[in-house]
Amino acid sequence: MLKDHTKLMSAFLASGEITGRKKLQKMIYIAKKLSFPFQEKFQFHFYGPYSEELTLRVEELCNMGFISELKEKKGGYYQYRYTVTEEGQGFLNMYETDIPFLKDCLEAMNEQPSRFLELVSTVLYFDNLPREEVEEKIFTLKSKQKYTVEEIDTAYEYIELLKEKIVQ
């Protein structure tokens, strides 16, 4: 049971601090699509791929005191910051959690805005479709985000960049 929790905690540790629930969801989804060993199931939701399992696992880790969730008021909404606690660090030290190349990928993703990661994760969600259909899906499903063709091109380039980090 705690094996998947440990992998998730490794992701938090590799990232340092993750700001935003949406960003967290996108980072784990993208990592999973890049063949990192995350087991959470995702479905398409308002902001792209979403995992209720991931949400519950994060909540469990917070309840166990392994992950710190800091809630900050930002204008008209709340933003959440996640970090591994000392207790979580101690727990991780008891288990072999080294996932090669995970740190490089997650650090790179963590530098990106959540809006961009939403686009990248959406591109990956529809990766079984031809590019033209992926663009059509993005323009339809993500019309409020007003993504441009140039941003979609950048998302595809970014995916290739992340893949290169894995095979260094």
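Q: Which residues are buried in helix H7 (residues 131-141)?
A: In this predicted model, the buried residues of helix H7 include Val-134, Glu-135 and Ile-138. Seen down the axis of H7, the buried residues fall within an arc of 100°, so they line one face of the helix.

Q: And what is exposed on the other side of H7?
A: Glu-132, Glu-136 and Thr-140 are exposed there, while the buried residues of H7 pack against helix H6 (114-125) and helix H8 (149-166).

Q: Switching to the largest nonpolar core, how many residues has it, and which have the most contacts inside it?
A: The largest nonpolar core has 47 residues, and Phe-12 and Met-109 are those with the most contacts inside it.

Q: What does Met-109 touch, leaving out residues up to four places away in sequence?
A: With those neighbours left out, Met-109 touches Lys-23, Met-27, Ile-30, Ala-31, Leu-117, Tyr-158 and Leu-162.

Q: How many disulfides does the structure hold?
A: The structure holds zero disulfides.

Q: Cys-62 and Cys-105, then: buried or exposed?
A: Cys-62 has a relative accessibility of 21% and therefore counts as partly exposed, buried being under 20%, whereas Cys-105 is buried, with a relative accessible area of 0%.

Q: New topic: in what sense do strands E4 and E5 pair?
A: Strand E4 (residues 67-74) and strand E5 (residues 77-84) pair in the antiparallel sense, over eight bridges, and Glu-72 has Gln-79 in E5 as its bridge partner.

Q: What about Gly-75 in that hairpin?
A: The hairpin of E4 and E5 has two residues between the strands, and Gly-75 takes a positive phi near 60° in this hairpin.

Terms used. Residues numbered from 1 in each chain as written. Predicted model: local features only at pLDDT ≥ 70, side-chain atom pairs only at ≥ 80, totals over all residues. Heavy atoms only, no water. Core = buried A, V, L, I, M, F, W, Y, C linked by side-chain atoms within 4.5 Å. Buried < 20%, exposed > 50% of the residue type's maximum accessible area, 1.4 Å probe, protein only. Contact = heavy atoms within 4.5 Å. Helix = DSSP H or I, 4+ residues; strand = E, 2+ residues; numbered from the N terminus. Arc of directions from axis to C-beta. Disulfide = S-S within 2.5 Å. Pairing = 2+ DSSP bridges.
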